[in-house]
Amino acid sequence: IGNLTDGVTATDLHRKGWSLLTEKEVLNSALNELVEANWLKSKNQTPSHGGKTKENFFINPMVKNISNT
């Protein structure tokens, strides 16, 4: 999975400026495809102090296990 950490947001990834993922629409499409393929799980989270709800992405534990072997 490389440099992807659990709980990452689309904004976090956009800021990395990874090639081919510089446009928000492309990035969101890629994230949606990874969720549909069960590589990632998305979860909407509201900060405990209030504020805007964010969609966080978590790596499927089965994928983590495969990439660590």
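Student: In what order do the strands form the sheet, and what is the sense of the pairing?

Tutor: Strands of a sheet pair through backbone hydrogen bonds, either parallel or antiparallel. In this predicted model, 3 strands form an open sheet in the order E1-E3-E2, with antiparallel pairing. Helices (H or I, at least four residues) and strands (E, at least two) are DSSP runs, numbered from the N terminus, and two strands pair if DSSP finds at least two bridges between them. E1 and E2 are the edge strands, each pairing on one side only. Residues are numbered from 1 along each chain as its sequence is written. Local features need pLDDT of at least 70, side-chain atom pairs count only at pLDDT 80 or more, and totals for chains, interfaces and linings use all residues, while side-chain values use heavy atoms, leaving out hydrogens and water.

Student: How many bridges join E3 to E1, and how many join E3 to E2?

Tutor: Strand E1 (residues 8-9) pairs with E3 over 2 bridges; valine 8 has phenylalanine 57 as its bridge partner in E3. Strand E2 (residues 40-45) pairs with E3 over 6 bridges, and there lysine 41 has phenylalanine 58 as its partner.

Student: Is asparagine 56 buried or exposed?

Tutor: Buried means under 20% relative accessible area, exposed over 50%, and partly exposed in between (1.4 Å probe, protein chains only). Asparagine 56, in strand E3 (residues 54-59), has a relative accessible area of 9%, so it is buried. Its side chain reaches the backbone oxygen of glycine 7 at 2.6 Å. Leaving aside neighbours within four places in sequence, asparagine 56 is in contact (heavy atoms within 4.5 Å) with residues including Val8, Thr9 and Lys41.

Student: Which residues make up the largest nonpolar core?

Tutor: In soluble globular proteins, nonpolar side chains tend to be buried together. A nonpolar core is a set of buried Ala, Val, Leu, Ile, Met, Phe, Trp, Tyr and Cys residues joined through side-chain atoms within 4.5 Å. Here the largest has 10 residues: Leu4, Val8, Ala10, Leu13, Leu27, Leu31, Leu40, Phe57, Ile59 and Val63. Helix H1 (10-16), H2 and E3 are the elements that give two or more residues to this core. Leucine 4 touches Leu13, Leu40 and Ile59, not counting residues up to four places away in sequence.

Student: What is the phi of asparagine 38?

Tutor: Most residues other than glycine have a negative phi. Asparagine 38 has a positive phi of about 65° although it is not a glycine. This residue lies in the loop between helix H2 (24-36) and E2, and asparagine 38 is exposed because its relative accessible area is 52%.

Technical notes. Polar contact = N/O pair within 3.5 Å; in protein donor to acceptor, adjacent residues only side chain to side chain.
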